[in-house]
Amino acid sequence: MVQVVLVMHQPLGSAFVHCAGHVLGQTPDLVLMDITPSDTPEDKAAQLQQVLSQAPATLVLSDIFGATPFNIARKAVEAIQAQGGSAELVTGTNLCMIIKALTGPRDNLQ
């Protein structure tokens with residue numbers, strides 16, 4: 001099953017998780033990595049890479065192209081892909097995308 005990971009500016013990611021839970025009526029099956037102004041991008045990228053390495057496939061959703069959360073996610077996804085892992089990054093995430101990722105088929109990234 002494809003893992004869904006949100007990498008976003010705090011508090012946006014938390015708000016999306018809360019809204020998704022409200023819409024779905026249950027706690028969403030995803031991983032949240034809120035990025036704060038005090039976070040070190042290198043440390044967060046390493047932490048995310050560890051999360052990605054534990055799943056057979058991961059869809060990483062980020063908020064703003066080119067911003068710190070996106071750059072953290074890109075670095076971790078590229079590292080996992082270089083190791084032969086399966087991860088994809090999509091930016092510009094909105095609530096509809098998250099709901100679709102959580103309710104659509106999750107057997108592969110294709």
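Analyst: A residue is called buried when its relative accessible area is under 20%, exposed when that area is over 50%, and partly exposed in between. The model discussed here is a predicted one.

User: Which residues of α2 are buried?
Analyst: The cut-off for buried is a relative accessible area under 20%. In α2, the buried residues are K44, A45, L48 and L52.

User: What span should helix α2 have, and how far apart are its end C-alpha atoms?
Analyst: Helix α2 covers residues 41-53, which is 13 residues. The expected span is 1.5 Å times one less than the number of residues, so α2 should span 18 Å. This agrees with the distance between its end C-alpha atoms, which is 18 Å.

User: Are α2 and α3 parallel, perpendicular or oblique to each other?
Analyst: The axes of α2 and α3 are 8 Å apart, and the helices pack at an angle of about 45 degrees. Angles under 35 degrees count as roughly parallel, and 65 to 115 as roughly perpendicular. The two helices, α2 and α3, are therefore oblique.

User: Is the crossing of α2 and α3 left-handed or right-handed, and which residues of α3 meet α2?
Analyst: α2 passes α3 in a right-handed crossing. On the α2 side, the residues that take part are P41, E42, K44, A45, L48, Q49, L52 and S53. In α3 they meet T68, I72, A73, K75, A76, V77, A79 and I80.

User: At what angle do α1 and α4 cross, and what does that make them?
Analyst: Helix α1 (residues 12-24) and helix α4 (residues 95-103) have axes that come within 10 Å and cross at roughly 55 degrees. That angle makes α1 oblique to α4. Residues F16, C19, A20, V23 and L24 of α1 meet L95, I98, I99, L102 and T103 of α4. The crossing is right-handed.

User: Which residues of α4 are exposed, and where are they relative to the buried ones?
Analyst: The buried residues of α4 are I98, I99, A101 and L102. They cover an arc of only 160 degrees around the axis, which puts them on the same side of α4. Their cover includes β1, α1 and β3. On the other side of α4, the exposed residues are C96, K100 and T103.

User: Is L12 buried, partly exposed or exposed?
Analyst: L12 lies in helix α1. Its C-alpha is 8.3 Å from that of D63, although L12 and D63 are 51 residues apart in sequence. With a relative accessibility of 34%, L12 counts as partly exposed.

User: What kind of peptide bond joins Q10 and P11?
Analyst: P11 has its place in the loop between β1 and α1. For the bond between Q10 and P11, omega is about 10 degrees, and the bond is cis.

User: Is R106 buried or exposed, and which residues does R106 touch?
Analyst: R106 lies in the segment after α4. Its relative accessible area is 12%, so R106 is buried. Not counting residues up to four places away in sequence, R106 touches M1, V2, Q3, V4, D29 and A101.

Methods: Residues numbered from 1 in each chain as written. Predicted model: local features only at pLDDT ≥ 70, side-chain atom pairs only at ≥ 80, totals over all residues. Heavy atoms only, no water. Helix = DSSP H or I, 4+ residues; strand = E, 2+ residues; numbered from the N terminus. Buried < 20%, exposed > 50% of the residue type's maximum accessible area, 1.4 Å probe, protein only. Axes fitted to C-alpha atoms, helices over the stretch in contact; angles between N-to-C directions. Parallel < 35°, antiparallel > 145°, perpendicular 65-115°, else oblique. Left-handed = near helix turned anticlockwise from the far one by under 90°. Contact = heavy atoms within 4.5 Å. Arc of directions from axis to C-beta.
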